[in-house]
Amino acid sequence: MKMLATIAWRNVWRSRGRSLVVIGSIVVGIWALIFMLGFMNGFMISYINGAISHEISHIQIHEPNFKKDPNIGFVIPGGMDLAGSLASDPRIQAVSPRSFTSGMISSPRKSSGGRIYGIIPDRERSVTHHDSLITEGSYFASDLKNPVVIGKELANSLKVKLNSKVVLTFQDRENNLVAGAFRIAGMLETTSPQINKASAYIRMEDLTRIAGLQEGVHEIALLLENPESEAVILPNLRAAYPDLLIESWREIAPELELFLSMTDSFLWVLIGIIMIALIFGIINTMLMAVLERYRELGMLMAIGMNKWRIYMMIVIETIFLSLVGGPFGILLALITMYWLGIQGIDLSAYSEGLREFGYSSILYPYIENSTYVYVAAGVIITALLGALYPAYKAVQLNPTEALHTV
């Protein structure tokens, strides 16, 4: 076997140009594969993290009837006490109790339907980080009476600006229409179309006062220290509070789970396409190499080299090509991913369209370390598969006819 390896290595570099073309194709194929995987992963992570970080959080708690009928009267019993208790759990990074209802948001020039959130700003900013997304004004830092923070697109739709007055109209606990006048303290811009176009944030004390609620916590949002601990924390909470509806982000927004599974399927299709292209490239090159050495291979068989050794020699040559090209391709991809992971890919030219679908305009490609191992193994397997047919053609030749080939 050592002799076969030595001969195969020398055969690889007998036709240096052809070998470098194959090695180059392997390098480019690996780099393209990892780059596309990182690009698609970056889109997926950006979309899901944006939804979790700025809107739904990891876990939400509701009164069971509220999800079926979002009536303002369906509050969580002892909601503030429960939020305080959960905040002491070291596995939970932040807790934000919220009140919310649906209603009308009106300016002197226009009205729009939307969701009205009553929040505790100091707690909410630790869960959704909305204070970092303010484009104009401040996040409840002004001295305005009855301040409200709305999405930038909603502000444009209502034709209002900072300090403009808007009226929020909604039903109270007794199903009577009530209204309150608020001043715009800030405008925010997130990756969520729902927040940008149809959401208003006011202080919880203002919402409960106008709605006639003494303690109106309709939702408790939890942001975890480690997202992977969700599988443990969720059943623990359900066991501790069986009378409440406790859901993970996967249940709250099943479209995110669907998007995740669709992206995974697409990535496997992408891997398959690139690997198939690489196989045909290897087959084409190695088949040319076999046909060019028809006379040489016939002579080797005539002097006693059996077909199995001929077969293995061709396979080993192909493996050597992949072992030379593979590390260079992975190294190039590793450098590219590291650099783009810091600098990001600026897609601001498409920011308006991306925002409509909930994506950030700066994309950070991401690849798990295990992916590099899988790609390296996949290239070797691909090289083996690509070598099978050329090696088979090599052992099918007739030594007598091969020796008389010009």
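**Exercise 1. State in which helix Ile380 lies, and decide whether Ile380 is buried or exposed, or in between.**

Step 1. Ile380 belongs to helix H15; helices (H or I, at least four residues) and strands (E, at least two) are DSSP runs, numbered from the N terminus. This is a predicted model, in which local features need pLDDT of at least 70, side-chain atom pairs count only at pLDDT 80 or more, and totals for chains, interfaces and linings use all residues. Residues are numbered from 1 along each chain as its sequence is written, and side-chain values use heavy atoms, with hydrogens and water left out.

Step 2. The relative accessible area of Ile380 is 33%. Buried means under 20%, exposed over 50%, and partly exposed in between (1.4 Å probe, protein chains only). Ile380 is therefore partly exposed.

Step 3. Together with Leu323 and Leu384, Ile380 forms a nonpolar patch on the surface, with about 220 Å² of accessible area in total. Patches are made of residues with over 30% relative accessible area and no salt bridge, like charges being joined within 9 Å and nonpolar side chains (Val, Leu, Ile, Met, Phe, Trp, Tyr) within 5 Å. Accessible areas come from the Shrake-Rupley method with a 1.4 Å probe, and for residues only the protein chains shown count as cover.

**Exercise 2. Identify the salt bridges of Arg98 with Glu124 and Glu219, and describe the network that they form.**

Step 1. A salt bridge is a side-chain nitrogen of Lys or Arg within 4 Å of a carboxyl oxygen of Asp or Glu. The structure holds 9 of them.

Step 2. Between Glu124 and Arg98, the closest N and O atoms are 3.1 Å apart. This pair links distant parts of the chain, with Glu124 in helix H5 and Arg98 in strand S2, 26 residues apart.

Step 3. Between Glu219 and Arg98, the corresponding distance is 2.5 Å. Glu219 lies in strand S9 (residues 219-224) and Arg98 in strand S2, so this pair ties together parts that are 121 residues apart in sequence.

Step 4. Glu124 counts as buried at 1% relative accessibility, Arg98 counts as buried at 2%, and Glu219 is buried as well. Through shared partners, Arg98, Glu124 and Glu219 are joined into one network.

**Exercise 3. Describe the second largest pocket: what is its volume, and which residues are closest to its centre?**

Step 1. The volume is about 390 Å³. On a 1 Å grid over the protein atoms alone, a pocket is an open set of points where a 1.4 Å probe fits, with protein on both sides within 12 Å along at least five of seven lines; lining residues have an atom within 4 Å of a point. Grid points are joined across faces, edges and corners, and a volume is the space filled by probe spheres set on the points.

Step 2. Of the 21 residues that line the second largest pocket, Gln60, Phe100, Arg115, Tyr117 and Glu219 are the closest to its centre.

Step 3. This lining divides into 9 nonpolar, 6 polar and 6 charged residues. Ala, Val, Leu, Ile, Met, Phe, Trp, Tyr, Cys and Pro count as nonpolar, Asp, Glu, Lys and Arg as charged, and the others, Gly among them, as polar.

Step 4. Tyr117 is placed in strand S3 and is buried, with a relative accessible area of 13%. Tyr117 and Ile202 are 85 residues apart in sequence and 6.1 Å apart in space, C-alpha to C-alpha.
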